[in-house]
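Student: I am new to this structure. Could you show it to me and take my questions?

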Amino acid sequence: MRTTVGIIGAGPAGLLLARLLHNAGIDSVVLESRDRAYVEQRQRAGILEQGTVDVLRAAGAGGRMDREGLRHDGIELRFARERHRVDFPALTGGSSVMVYAQTEVCKDLVALQIEEGGPLLFQAEALAVEGAESERPRVRFRYEGREDVLECDYVVGCDGFWGVARRAIPAEHSHVFERTYPFGWLGIFADVPPSHDELVYARHDRGFALLSMRSPTVSRLYLQVPEGTDAASWADEEIWDELERRFETADGWSLERGAITSKSVTPMRSHVHEPMRHGRLFLAGDAAHIVPPTGAKGLNLAVGDVVTFARALAHLEETGSAERLDAYSETCLRRVWQAERFSYDMTTLLHRAPDATPFEDRVQLARLRRIVTSRAAGTDLAEGYTGFPLD
Ligand code: APR
Ligand code: PHB
(Lines give C-alpha, C1' and ligand atoms only; values in the text may rest on other atoms or scores of the structure.)
(Ligands and ions follow the chains in the order given, each with its own letter.)
Protein backbone atom coordinates (compact mmCIF):
# COMPACT_ATOMS: atom_id res chain seq x y z
CA MET A 1 0.00 0.00 0.00
CA ARG A 2 1.13 3.57 -0.60
CA THR A 3 -0.15 6.97 0.59
CA THR A 4 1.04 10.50 1.32
CA VAL A 5 0.30 10.40 5.08
CA GLY A 6 0.18 7.17 7.06
CA ILE A 7 -1.90 7.73 10.22
CA ILE A 8 -1.60 5.27 13.09
CA GLY A 9 -4.66 5.36 15.35
CA ALA A 10 -8.34 6.26 14.88
CA GLY A 11 -8.92 8.18 18.08
CA PRO A 12 -9.86 11.86 17.88
CA ALA A 13 -6.35 12.82 16.67
CA GLY A 14 -6.11 10.30 13.83
CA LEU A 15 -9.71 10.68 12.70
CA LEU A 16 -9.65 14.48 12.66
CA LEU A 17 -6.27 14.50 10.90
CA ALA A 18 -7.63 12.25 8.15
CA ARG A 19 -10.59 14.62 7.75
CA LEU A 20 -8.43 17.76 7.63
CA LEU A 21 -6.07 16.19 5.05
CA HIS A 22 -9.02 15.02 2.95
CA ASN A 23 -10.41 18.56 2.92
CA ALA A 24 -6.96 19.81 1.85
CA GLY A 25 -6.85 17.28 -1.00
CA ILE A 26 -4.07 15.24 0.64
CA ASP A 27 -4.50 11.45 0.71
CA SER A 28 -3.98 9.37 3.84
CA VAL A 29 -4.58 5.89 5.23
CA VAL A 30 -5.68 5.30 8.83
CA LEU A 31 -4.59 2.11 10.60
CA GLU A 32 -6.57 1.32 13.77
CA SER A 33 -5.82 -1.78 15.83
CA ARG A 34 -9.24 -2.07 17.44
CA ASP A 35 -12.67 -2.48 15.87
CA ARG A 36 -15.15 0.28 15.07
CA ALA A 37 -17.33 -0.45 18.10
CA TYR A 38 -14.37 0.05 20.47
CA VAL A 39 -13.38 3.34 18.85
CA GLU A 40 -16.91 4.69 18.99
CA GLN A 41 -17.76 3.52 22.52
CA ARG A 42 -14.54 4.13 24.47
CA GLN A 43 -15.59 6.57 27.15
CA ARG A 44 -13.29 9.57 27.48
CA ALA A 45 -13.66 13.32 27.89
CA GLY A 46 -16.67 15.47 27.19
CA ILE A 47 -15.58 19.11 26.94
CA LEU A 48 -14.73 20.83 23.64
CA GLU A 49 -12.87 24.15 23.74
CA GLN A 50 -14.06 27.01 21.55
CA GLY A 51 -11.16 26.33 19.16
CA THR A 52 -12.10 22.66 18.82
CA VAL A 53 -15.72 23.57 18.12
CA ASP A 54 -14.60 25.99 15.41
CA VAL A 55 -12.28 23.39 13.82
CA LEU A 56 -14.97 20.70 13.72
CA ARG A 57 -17.47 23.11 12.16
CA ALA A 58 -14.95 24.30 9.54
CA ALA A 59 -14.09 20.66 8.73
CA GLY A 60 -17.75 19.85 8.07
CA ALA A 61 -17.88 17.62 11.16
CA GLY A 62 -19.87 19.85 13.52
CA GLY A 63 -23.48 19.27 12.45
CA ARG A 64 -24.61 16.85 15.16
CA MET A 65 -22.42 18.63 17.72
CA ASP A 66 -24.38 21.84 17.03
CA ARG A 67 -27.68 19.98 17.28
CA GLU A 68 -26.96 17.84 20.33
CA GLY A 69 -24.05 19.51 22.12
CA LEU A 70 -24.63 21.71 25.16
CA ARG A 71 -22.97 25.14 25.10
CA HIS A 72 -21.71 26.07 28.59
CA ASP A 73 -20.80 29.64 29.54
CA GLY A 74 -19.25 28.79 32.89
CA ILE A 75 -18.42 26.34 35.63
CA GLU A 76 -19.01 26.41 39.39
CA LEU A 77 -16.12 26.22 41.84
CA ARG A 78 -17.21 24.86 45.23
CA PHE A 79 -15.13 25.01 48.41
CA ALA A 80 -15.70 25.63 52.14
CA ARG A 81 -19.45 24.94 51.44
CA GLU A 82 -19.47 28.05 49.17
CA ARG A 83 -20.54 28.23 45.49
CA HIS A 84 -18.79 30.49 42.99
CA ARG A 85 -19.52 30.71 39.27
CA VAL A 86 -16.73 31.42 36.78
CA ASP A 87 -18.30 33.36 33.89
CA PHE A 88 -16.35 32.46 30.75
CA PRO A 89 -17.66 35.04 28.22
CA ALA A 90 -17.35 37.89 30.77
CA LEU A 91 -13.73 36.97 31.54
CA THR A 92 -12.54 35.97 28.06
CA GLY A 93 -14.41 38.38 25.82
CA GLY A 94 -16.91 35.79 24.58
CA SER A 95 -15.46 32.27 24.72
CA SER A 96 -17.40 29.30 26.02
CA VAL A 97 -17.13 25.50 25.81
CA MET A 98 -19.30 22.74 24.37
CA VAL A 99 -20.32 19.62 26.29
CA TYR A 100 -20.20 16.91 23.60
CA ALA A 101 -18.65 13.53 24.35
CA GLN A 102 -15.47 12.34 22.66
CA THR A 103 -17.37 9.19 21.69
CA GLU A 104 -19.75 11.35 19.66
CA VAL A 105 -16.91 13.27 18.00
CA CYS A 106 -15.35 9.94 16.98
CA LYS A 107 -18.65 8.57 15.66
CA ASP A 108 -19.14 11.69 13.52
CA LEU A 109 -15.57 11.52 12.14
CA VAL A 110 -15.71 7.77 11.47
CA ALA A 111 -18.94 8.22 9.51
CA LEU A 112 -17.40 11.04 7.43
CA GLN A 113 -14.21 9.07 6.78
CA ILE A 114 -16.12 6.00 5.63
CA GLU A 115 -18.49 8.11 3.54
CA GLU A 116 -16.01 10.51 1.92
CA GLY A 117 -12.47 9.86 3.10
CA GLY A 118 -9.58 7.55 2.33
CA PRO A 119 -9.02 4.02 3.72
CA LEU A 120 -9.77 3.56 7.43
CA LEU A 121 -8.66 0.04 8.32
CA PHE A 122 -10.02 -1.32 11.59
CA GLN A 123 -8.27 -4.24 13.33
CA ALA A 124 -5.11 -3.21 11.50
CA GLU A 125 -2.31 -3.22 14.07
CA ALA A 126 0.79 -1.15 13.34
CA LEU A 127 3.80 -3.24 14.33
CA ALA A 128 6.57 -0.72 13.72
CA VAL A 129 7.47 2.51 11.98
CA GLU A 130 10.57 2.08 9.82
CA GLY A 131 12.72 4.53 7.87
CA ALA A 132 11.53 7.60 9.80
CA GLU A 133 14.79 9.35 8.89
CA SER A 134 14.41 8.51 5.17
CA GLU A 135 12.34 10.12 2.42
CA ARG A 136 10.08 7.04 2.41
CA PRO A 137 9.02 6.06 5.92
CA ARG A 138 7.05 2.83 6.20
CA VAL A 139 4.52 1.36 8.61
CA ARG A 140 4.67 -2.37 9.02
CA PHE A 141 1.23 -3.62 10.08
CA ARG A 142 -0.86 -6.76 10.50
CA TYR A 143 -4.28 -6.85 8.86
CA GLU A 144 -6.64 -9.76 8.19
CA GLY A 145 -4.09 -12.22 9.47
CA ARG A 146 -1.13 -11.16 7.34
CA GLU A 147 1.67 -8.61 7.53
CA ASP A 148 1.75 -5.73 5.10
CA VAL A 149 3.65 -2.47 4.62
CA LEU A 150 2.25 1.03 4.13
CA GLU A 151 4.70 3.20 2.16
CA CYS A 152 4.31 6.90 3.02
CA ASP A 153 5.77 10.35 2.56
CA TYR A 154 4.97 11.08 6.19
CA VAL A 155 3.81 9.05 9.20
CA VAL A 156 1.78 10.62 12.01
CA GLY A 157 1.60 8.61 15.23
CA CYS A 158 -1.88 9.24 16.63
CA ASP A 159 -1.70 5.94 18.51
CA GLY A 160 -2.04 7.17 22.07
CA PHE A 161 0.14 6.71 25.12
CA TRP A 162 0.66 2.98 24.58
CA GLY A 163 1.20 3.13 20.83
CA VAL A 164 4.22 2.09 18.72
CA ALA A 165 5.07 5.31 16.88
CA ARG A 166 7.02 6.92 19.71
CA ARG A 167 9.24 3.82 19.93
CA ALA A 168 10.62 4.60 16.46
CA ILE A 169 12.38 7.65 17.89
CA PRO A 170 15.92 6.70 19.01
CA ALA A 171 16.40 6.98 22.78
CA GLU A 172 19.17 9.54 22.32
CA HIS A 173 16.65 11.87 20.66
CA SER A 174 13.86 11.28 23.22
CA HIS A 175 13.26 13.50 26.24
CA VAL A 176 10.41 12.64 28.61
CA PHE A 177 8.95 14.97 31.24
CA GLU A 178 6.58 13.22 33.61
CA ARG A 179 4.74 13.47 36.91
CA THR A 180 2.37 10.92 38.43
CA TYR A 181 -0.18 11.73 41.16
CA PRO A 182 -1.02 9.72 44.30
CA PHE A 183 -4.70 9.67 43.37
CA GLY A 184 -7.04 8.91 40.48
CA TRP A 185 -10.70 9.46 39.54
CA LEU A 186 -13.53 7.04 40.16
CA GLY A 187 -15.95 7.97 37.36
CA ILE A 188 -19.61 6.98 37.02
CA PHE A 189 -22.37 7.37 34.47
CA ALA A 190 -25.86 7.63 36.00
CA ASP A 191 -29.31 7.74 34.45
CA VAL A 192 -30.37 10.87 36.27
CA PRO A 193 -30.66 14.50 35.12
CA PRO A 194 -27.60 16.51 36.21
CA SER A 195 -28.23 18.30 39.52
CA HIS A 196 -26.75 21.51 38.13
CA ASP A 197 -26.91 23.04 34.68
CA GLU A 198 -23.13 23.59 34.48
CA LEU A 199 -20.11 21.58 35.65
CA VAL A 200 -19.29 21.73 39.37
CA TYR A 201 -15.66 21.35 40.54
CA ALA A 202 -15.59 20.79 44.31
CA ARG A 203 -12.55 21.04 46.58
CA HIS A 204 -13.26 19.28 49.91
CA ASP A 205 -11.12 18.08 52.84
CA ARG A 206 -12.26 14.54 51.94
CA GLY A 207 -11.09 14.99 48.34
CA PHE A 208 -12.11 16.35 44.93
CA ALA A 209 -15.48 15.73 43.23
CA LEU A 210 -16.73 16.75 39.78
CA LEU A 211 -20.29 16.93 38.51
CA SER A 212 -20.43 16.73 34.73
CA MET A 213 -22.96 15.47 32.20
CA ARG A 214 -23.53 13.90 28.80
CA SER A 215 -27.08 15.06 28.15
CA PRO A 216 -30.11 16.50 30.01
CA THR A 217 -30.82 12.97 31.27
CA VAL A 218 -27.35 11.46 31.82
CA SER A 219 -24.99 12.55 34.58
CA ARG A 220 -21.22 12.01 34.60
CA LEU A 221 -19.60 12.29 38.04
CA TYR A 222 -16.12 11.74 39.43
CA LEU A 223 -14.60 11.22 42.88
CA GLN A 224 -10.93 11.54 43.78
CA VAL A 225 -9.76 8.15 45.06
CA PRO A 226 -6.34 6.81 46.14
CA GLU A 227 -4.17 5.59 43.24
CA GLY A 228 -4.74 1.90 42.52
CA THR A 229 -8.37 1.93 43.72
CA ASP A 230 -10.54 -0.87 42.30
CA ALA A 231 -13.86 0.58 41.07
CA ALA A 232 -15.62 -2.63 42.16
CA SER A 233 -14.68 -1.87 45.76
CA TRP A 234 -17.16 1.02 45.81
CA ALA A 235 -20.86 0.14 46.23
CA ASP A 236 -23.26 2.45 44.39
CA GLU A 237 -24.76 3.94 47.55
CA GLU A 238 -21.27 4.57 48.96
CA ILE A 239 -20.42 6.53 45.82
CA TRP A 240 -23.56 8.68 46.12
CA ASP A 241 -22.98 9.22 49.85
CA GLU A 242 -19.39 10.35 49.25
CA LEU A 243 -20.36 12.63 46.37
CA GLU A 244 -23.02 14.21 48.57
CA ARG A 245 -20.47 14.91 51.33
CA ARG A 246 -17.99 16.53 48.97
CA PHE A 247 -20.61 18.67 47.17
CA GLU A 248 -22.08 19.96 50.44
CA THR A 249 -23.01 23.67 50.47
CA ALA A 250 -24.39 26.13 53.00
CA ASP A 251 -27.46 26.81 50.83
CA GLY A 252 -28.85 23.26 51.01
CA TRP A 253 -28.19 22.31 47.37
CA SER A 254 -28.99 18.62 46.87
CA LEU A 255 -27.59 15.91 44.58
CA GLU A 256 -30.16 13.81 42.71
CA ARG A 257 -29.36 10.10 42.68
CA GLY A 258 -30.08 7.56 39.97
CA ALA A 259 -29.07 4.20 38.54
CA ILE A 260 -25.31 3.96 38.02
CA THR A 261 -24.78 2.40 34.59
CA SER A 262 -20.98 2.20 34.68
CA LYS A 263 -18.05 2.90 36.97
CA SER A 264 -14.30 2.95 36.32
CA VAL A 265 -11.07 4.37 37.75
CA THR A 266 -8.75 6.64 35.73
CA PRO A 267 -5.14 7.12 36.90
CA MET A 268 -3.61 10.62 36.87
CA ARG A 269 -0.46 11.48 34.94
CA SER A 270 1.29 14.45 33.34
CA HIS A 271 3.62 13.40 30.52
CA VAL A 272 5.33 15.11 27.60
CA HIS A 273 7.63 13.58 24.99
CA GLU A 274 9.97 16.01 23.25
CA PRO A 275 10.41 16.43 20.37
CA MET A 276 7.11 15.62 18.65
CA ARG A 277 8.89 14.90 15.38
CA HIS A 278 11.76 12.69 14.19
CA GLY A 279 12.54 12.88 10.48
CA ARG A 280 9.28 12.19 8.67
CA LEU A 281 7.58 10.73 11.75
CA PHE A 282 5.31 13.13 13.65
CA LEU A 283 3.55 12.51 16.98
CA ALA A 284 0.11 13.94 17.78
CA GLY A 285 -2.27 13.72 20.74
CA ASP A 286 -1.77 11.24 23.55
CA ALA A 287 1.11 9.66 21.61
CA ALA A 288 3.09 12.78 22.57
CA HIS A 289 1.51 14.05 25.77
CA ILE A 290 -0.87 13.21 28.60
CA VAL A 291 -2.60 15.63 30.95
CA PRO A 292 -4.58 14.88 34.15
CA PRO A 293 -8.27 15.11 33.17
CA THR A 294 -9.01 17.96 35.60
CA GLY A 295 -8.64 20.64 32.95
CA ALA A 296 -10.41 18.67 30.17
CA LYS A 297 -7.46 19.33 27.83
CA GLY A 298 -6.60 15.90 26.34
CA LEU A 299 -8.91 15.88 23.34
CA ASN A 300 -8.43 19.59 22.70
CA LEU A 301 -4.63 19.27 22.67
CA ALA A 302 -4.91 16.44 20.15
CA VAL A 303 -6.98 18.77 17.94
CA GLY A 304 -4.34 21.49 18.17
CA ASP A 305 -1.59 19.08 17.11
CA VAL A 306 -3.35 17.72 14.03
CA VAL A 307 -4.55 21.15 12.92
CA THR A 308 -0.91 22.31 13.11
CA PHE A 309 0.30 19.32 11.06
CA ALA A 310 -2.44 19.55 8.41
CA ARG A 311 -1.91 23.30 7.95
CA ALA A 312 1.87 22.83 7.73
CA LEU A 313 1.64 20.07 5.12
CA ALA A 314 -0.92 22.00 3.09
CA HIS A 315 1.47 24.99 3.22
CA LEU A 316 4.27 22.79 1.86
CA GLU A 317 2.08 21.46 -0.94
CA GLU A 318 0.92 24.98 -1.86
CA THR A 319 4.18 26.92 -1.56
CA GLY A 320 6.99 24.35 -1.53
CA SER A 321 8.11 25.77 1.82
CA ALA A 322 8.67 23.28 4.66
CA GLU A 323 9.14 25.99 7.25
CA ARG A 324 5.87 25.28 9.08
CA LEU A 325 6.44 21.53 8.99
CA ASP A 326 9.94 22.07 10.39
CA ALA A 327 8.40 24.17 13.19
CA TYR A 328 5.71 21.53 13.99
CA SER A 329 7.20 20.28 17.25
CA GLU A 330 8.07 23.73 18.57
CA THR A 331 4.63 25.10 17.60
CA CYS A 332 2.74 22.23 19.26
CA LEU A 333 4.88 22.17 22.40
CA ARG A 334 4.17 25.84 23.13
CA ARG A 335 0.48 24.92 23.40
CA VAL A 336 1.14 21.59 25.06
CA TRP A 337 3.13 23.12 27.91
CA GLN A 338 0.49 25.80 28.51
CA ALA A 339 -2.11 23.05 28.77
CA GLU A 340 0.18 20.99 31.02
CA ARG A 341 0.62 24.01 33.29
CA PHE A 342 -3.13 24.67 33.36
CA SER A 343 -3.99 21.02 34.03
CA TYR A 344 -1.36 20.80 36.77
CA ASP A 345 -2.68 24.01 38.37
CA MET A 346 -6.30 22.79 38.27
CA THR A 347 -5.27 19.41 39.70
CA THR A 348 -3.23 20.78 42.59
CA LEU A 349 -5.85 23.48 43.22
CA LEU A 350 -8.72 21.04 43.73
CA HIS A 351 -7.33 17.67 44.87
CA ARG A 352 -6.16 16.93 48.40
CA ALA A 353 -2.99 14.85 48.39
CA PRO A 354 -2.86 12.04 51.00
CA ASP A 355 0.06 13.81 52.72
CA ALA A 356 -1.44 17.32 52.52
CA THR A 357 -0.47 19.48 55.50
CA PRO A 358 -2.74 22.07 57.21
CA PHE A 359 -0.54 24.74 55.65
CA GLU A 360 -1.14 23.32 52.16
CA ASP A 361 -4.88 23.15 52.86
CA ARG A 362 -4.91 26.84 53.70
CA VAL A 363 -2.86 27.75 50.64
CA GLN A 364 -5.29 25.78 48.45
CA LEU A 365 -8.24 27.69 49.89
CA ALA A 366 -6.36 30.98 49.44
CA ARG A 367 -5.72 30.11 45.75
CA LEU A 368 -9.43 29.39 45.29
CA ARG A 369 -10.43 32.59 47.09
CA ARG A 370 -8.09 34.55 44.84
CA ILE A 371 -9.64 33.06 41.68
CA VAL A 372 -13.20 33.94 42.68
CA THR A 373 -12.38 37.47 43.90
CA SER A 374 -9.71 38.68 41.41
CA ARG A 375 -10.64 39.35 37.79
CA ALA A 376 -7.02 38.69 36.78
CA ALA A 377 -6.91 35.30 38.50
CA GLY A 378 -10.39 34.38 37.28
CA THR A 379 -9.41 35.34 33.73
CA ASP A 380 -6.39 33.05 33.85
CA LEU A 381 -8.62 30.12 34.75
CA ALA A 382 -11.32 31.03 32.22
CA GLU A 383 -8.76 31.45 29.40
CA GLY A 384 -7.10 28.14 30.26
CA TYR A 385 -10.41 26.30 30.43
CA THR A 386 -11.92 27.68 27.19
CA GLY A 387 -8.60 27.12 25.41
CA PHE A 388 -5.59 28.96 24.06
CA PRO A 389 -5.84 30.19 20.45
CA LEU A 390 -4.52 27.85 17.75
CA ASP A 391 -1.28 29.33 16.36
N1 APR B 1 -1.79 0.24 15.68
C2 APR B 1 -2.97 0.82 15.32
N3 APR B 1 -3.73 1.56 16.19
C4 APR B 1 -3.24 1.70 17.45
C5 APR B 1 -2.02 1.13 17.88
C6 APR B 1 -1.29 0.37 16.93
N7 APR B 1 -0.12 -0.23 17.25
N8 APR B 1 -1.83 1.46 19.20
C9 APR B 1 -2.89 2.22 19.57
N10 APR B 1 -3.75 2.37 18.53
C11 APR B 1 -5.03 3.10 18.53
C12 APR B 1 -5.88 2.89 19.76
O13 APR B 1 -6.67 1.72 19.64
C14 APR B 1 -6.72 4.16 19.76
O15 APR B 1 -7.93 3.99 19.03
O16 APR B 1 -4.72 4.48 18.53
C17 APR B 1 -5.84 5.19 19.05
C18 APR B 1 -5.34 6.27 20.02
O19 APR B 1 -6.46 7.06 20.42
P20 APR B 1 -6.45 7.88 21.81
O21 APR B 1 -5.77 7.07 22.85
O22 APR B 1 -7.86 8.34 22.05
O23 APR B 1 -5.51 9.13 21.53
P24 APR B 1 -5.78 10.49 20.73
O25 APR B 1 -6.43 10.23 19.43
O26 APR B 1 -4.51 11.20 20.81
O27 APR B 1 -6.88 11.27 21.59
C28 APR B 1 -6.58 11.82 22.83
O29 APR B 1 -8.25 10.49 23.81
O30 APR B 1 -7.43 9.04 25.39
C31 APR B 1 -8.13 10.19 25.21
O32 APR B 1 -7.85 11.50 27.15
C33 APR B 1 -7.41 11.33 25.83
O34 APR B 1 -9.12 12.85 25.34
C35 APR B 1 -7.81 12.45 24.95
C36 APR B 1 -7.87 11.84 23.60
C1 PHB C 1 -16.28 14.75 31.56
O2 PHB C 1 -17.47 15.14 31.40
O3 PHB C 1 -15.94 13.57 31.31
C4 PHB C 1 -15.25 15.72 32.10
C5 PHB C 1 -15.59 17.05 32.22
C6 PHB C 1 -14.65 17.95 32.72
C7 PHB C 1 -13.40 17.50 33.09
C8 PHB C 1 -13.06 16.15 32.95
C9 PHB C 1 -14.00 15.25 32.46
O10 PHB C 1 -12.50 18.38 33.60
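Student: Is Arg-246 buried or exposed, and why?

Tutor: Buried means under 20% relative accessible area, exposed over 50%, and partly exposed in between, with a 1.4 Å probe and protein chains only. Arg-246 has 6% relative accessibility. Because of that value, Arg-246 counts as buried.

Tutor: A note on the source. This is a predicted model, where local features need pLDDT of at least 70 and side-chain atom pairs pLDDT 80 or more, while totals for chains, interfaces and linings use all residues. Residues are numbered from 1 along each chain as written, chains are lettered from A and ligands numbered from 1 in written order, and side-chain values use heavy atoms, without hydrogens and water.

Student: In which helix is the place of Arg-246?

Tutor: Helices are DSSP runs of H or I with at least four residues, strands are E runs of at least two, and both are numbered from the N terminus. The helix in question covers residues 236-246. Arg-246 belongs to helix α7.

Student: How far is the side chain of Ser-212 from an oxygen atom of ligand 2?

Tutor: A polar contact here is a pair of N or O atoms within 3.5 Å. A polar side-chain atom of Ser-212 and an oxygen atom of ligand 2 make such a pair. Their distance is 2.6 Å.

Student: Which element gives the largest share of the shell around ligand 2?

Tutor: The shell holds 13 residues, each with a heavy atom within 4 Å of the ligand. Three residues, the largest share, come from β15.

How values were computed: A polar contact is a pair of N or O atoms within 3.5 Å; within protein, one must be able to donate a hydrogen and the other to accept it, and residues adjacent in sequence count only if both atoms are side-chain atoms.
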